[in-house]
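Student: I would like to learn how to read a few features of a protein model. Could we go through them one at a time?

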Protein chains: 2
Amino acid sequence: MGEFDLIERIRARVDTDDSVVVGIGDDAAVLRPDPDRDLVVTTDTLVAGRHFENHWPASDIGHLALAVNLSDLAAMGARPRWALLSLTLPESNPDWLDDFLDGFLALASDYRTLLVGGNIASGPLSVTVQLMGDVEPGRSTLRTGARVGDIVAVTGSLGNAAAALELGASAPEALVERFHRPIPRIAAGARLVSHARAMIDISDGLIADLAHLLGDGLAARIDLENLPASPALQRAFSADQDRWRLQATGGNDYELLALMADDAFAAAQASLEGLNVALTRIGRIEAGQGIQCRRPDGSMLELDHGGWDHFDSH
Amino acid sequence: MGEFDLIERIRARVDTDDSVVVGIGDDAAVLRPDPDRDLVVTTDTLVAGRHFENHWPASDIGHLALAVNLSDLAAMGARPRWALLSLTLPESNPDWLDDFLDGFLALASDYRTLLVGGNIASGPLSVTVQLMGDVEPGRSTLRTGARVGDIVAVTGSLGNAAAALELGASAPEALVERFHRPIPRIAAGARLVSHARAMIDISDGLIADLAHLLGDGLAARIDLENLPASPALQRAFSADQDRWRLQATGGNDYELLALMADDAFAAAQASLEGLNVALTRIGRIEAGQGIQCRRPDGSMLELDHGGWDHFDSH
């Protein structure tokens with residue numbers, strides 16, 4: 001099966017709407033953005049053996065490739081609109097492609113994202129998604145904006161993906177699910193925009209991503225006992241020390257990390273009502289520099305590394 | 001040098017303007033599109049060993065990665081605006097990155113394209129660019145639209161890249177330049193929009209790409225002696241038969257292939273005045289099916305294959 005047959009296989013399955021003037025099959029897609037909104041664009045590449053393993057179900061790879069991009073839009077408070085998909089495949093395998101699309105398109109449908117174009121090349125397996133969304137002008141939540149005294153808050157729970165990665169084949173299904181099929185916090189991000197001063201999604205690890213929110217002269221204190229842990233994580237890592245390490249340094253959670261004023265927290269928490277997403281205070285912004293992780297007894301936990309760097313840490 | 005140092009190295013060199021509300025360095029870029037225009041988006045991936053060789057100058061790879069995407073916008077008659085760059089690199093090599101950016105950003109500057117974001121991952125060398133442009137609503141030139149009797153016209157000259165590929169190390173510099181550093185026909189595409197009924201850029205080869213313009217019941221006849229050949233190609237392949245084969249089936253030229261009514265051709269040609277880009281009639285759309293390549297004596301040239309398929313032909 002050739003490149004054009006594979007593309008036709010994709011085209012036959014995608015949804016469309018009035019915003020798509022020209023979709024899959026021409027030199028480029030033509031889209032009609034909402035004239036009153038800014039465009040929000042992001043891209044992420046997943047490489048076999050780095051971000052996922054070849055033996056993963058292709059539907060999980062499809063889900064993950066879109067989810068990590070949706071998560072970036074969530075961190076901006078943006079609404080997803082259209083995606084481009086660039087697949088580099090070692091061979092033409094229509095069954096693999098169908099499974100991949102099962103995961104990709106199910107998530108796209110859940111988040112009202114239309115696949116409007118892309119590219120298929122031959123080479124070592126990797127997936128690049130470009131995602132376009134929109135937002136009211138001036139309403140994006142940026143990484144800058146932190147102030148001394150701000151509350152550090154996080155959605156959902158932390159450490160699940162890192163635990164699955166560490167446990168490997170013995171990881172319980174609930175943790176593997178969080179690693180392979182993370183849930184992008186689009187709705188939570190859109191609501192937190194009104195309350196947060198700064199926001200980022202946790203892809204590289206809590207400490208590494210929190211560091212991106214700290215400008216000159218700003219430090220952060222994390223209270224380890226407040227880090228939200230899922231029941232599955234608590235069962236798999238009952239020793240606090242091990243669990244905290246995973247929660248503070250492990251990546252791939254794709255929860256939102258938001259900074260907000262003290263008196264904004266209650267409203268932020270209330271704004272998530274009905275979404276089934278918790279918002280938890282886990283620390284505070286202080287004057288100084290660095291990030292300290294404090295045990296309940298007041299002592300500091302020393303951590304080996306502060307997250308994921310694609311060239312340094314792996 | 002880590003991922004974030006590499007990103008900082010890119011950010012330090014990019015241009016910006018008022019349309020970029022948030023550029024490189026946040027979770028996503030925020031852009032302010034022109035409210036009166038449609039968005040035109042495309043993506044292409046270049047894989048080492050397939051679309052370029054590892055030993056190429058990195059600046060050529062940077063040029064090519066953007067050029068192939070600009071060419072897709074040219075074929076839509078669109079104006080380039082913003083690019084995202086996803087680099088997958090086997091190692092962190094700042095010198096390579098600097099050279100890559102030399103080629104990428106010089107071309108971006110020539111075509112007023114702003115690099116606003118992207119991604120760096122570790123893995124086998126490949127480059128994915130996502131390019132966004134805009135166009136007046138309803139003004140894109142699509143692949144559909146061909147009619148019996150239409151003239152087949154092409155910009156510039158054909159067969160240069162294929163000749164460089166075939167000659168390998170012995171290829172003259174003028175041909176290598178066309179292979180490594182193709183010139184996207186953005187200005188020509190924007191002007192041809194007013195005259196062409198259908199348009200595509202020639203990436204896979206004249207015959208393969210012309211086939212994409214032929215709907216049911218449509219055939220095409222190419223007059224081989226009319227295929228425009230550069231002086232360098234004529235010197236390197238003086239035998240008509242060899243040259244025609246390269247021109248009809250060789251890919252990577254990134255010239256525009258346009259179909260237009262008989263009485264539109266003169267105006268189309270005149271519209272390119274001042275651009276230093278020729279527009280040449282090379283054939284005609286007929287009723288029937290298939291593409292015939294006619295020698296000056298009226299006989300047909302049989303060609304081995306009709307272009308490039310990423311899985312079938314290579």
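Student: Which residues in α2(B) meet which residues in α3(B)?

Tutor: Keep in mind that this is a predicted model. For a helix pair, list the residues in contact on each side. On the α2(B) side they are A58(B), S59(B), I61(B), G62(B), H63(B), L66(B), A67(B) and L70(B). They meet W96(B), D99(B), F100(B), D102(B), G103(B), F104(B), L107(B) and A108(B) in α3(B). By type, the residues of this contact divide into 10 nonpolar, 4 polar and 2 charged.

Student: At what angle do helix α2 and helix α3 of chain B pack, and how far apart are their axes?

Tutor: The geometry is given by an angle, a distance and a hand. Helix α2 (residues 58-76) and helix α3 (residues 94-110) of chain B pack at about 35 degrees, with axes 6 Å apart. The crossing of α2(B) and α3(B) is right-handed.

Student: Where is N252(A) placed, and why does N252(A) count as buried or exposed?

Tutor: Take the element, then the accessibility, then the contacts. N252(A) lies in the loop between α9 (240-249) and β10 (256-260) of chain A. N252(A) counts as buried because its relative accessibility is 18%, and the cut-off for buried is under 20%. Apart from neighbours within four places in sequence, N252(A) contacts A161(A), R178(A), F179(A), I202(A) and S203(A).

Student: How many disulfides does a search of the whole structure find?

Tutor: The search finds 0 disulfides over all chains. As for cysteine burial, C293(A) counts as buried at 3% relative accessibility, and C293(B) is buried with a relative accessible area of 2%.

Key. Residues are numbered from 1 along each chain as its sequence is written. Chains are lettered from A and ligands numbered from 1 in the order in which they are written. This is a predicted model: local features need pLDDT of at least 70, side-chain atom pairs count only at pLDDT 80 or more; totals for chains, interfaces and linings use all residues. Side-chain values use heavy atoms; hydrogens and water are left out. Helices (H or I, at least four residues) and strands (E, at least two) are DSSP runs, numbered from the N terminus. Buried means under 20% relative accessible area, exposed over 50%, partly exposed in between (1.4 Å probe, protein chains only). Contact means heavy atoms within 4.5 Å. Axes are lines fitted to C-alpha atoms, for helices over the stretch in contact, and angles run from 0 to 180 degrees between N-to-C directions. A crossing is left-handed if the near helix is turned anticlockwise from the far one by less than a right angle, and right-handed if clockwise. Ala, Val, Leu, Ile, Met, Phe, Trp, Tyr, Cys and Pro count as nonpolar, Asp, Glu, Lys and Arg as charged, and the others, Gly among them, as polar. A disulfide is a pair of cysteine sulfur atoms within 2.5 Å.
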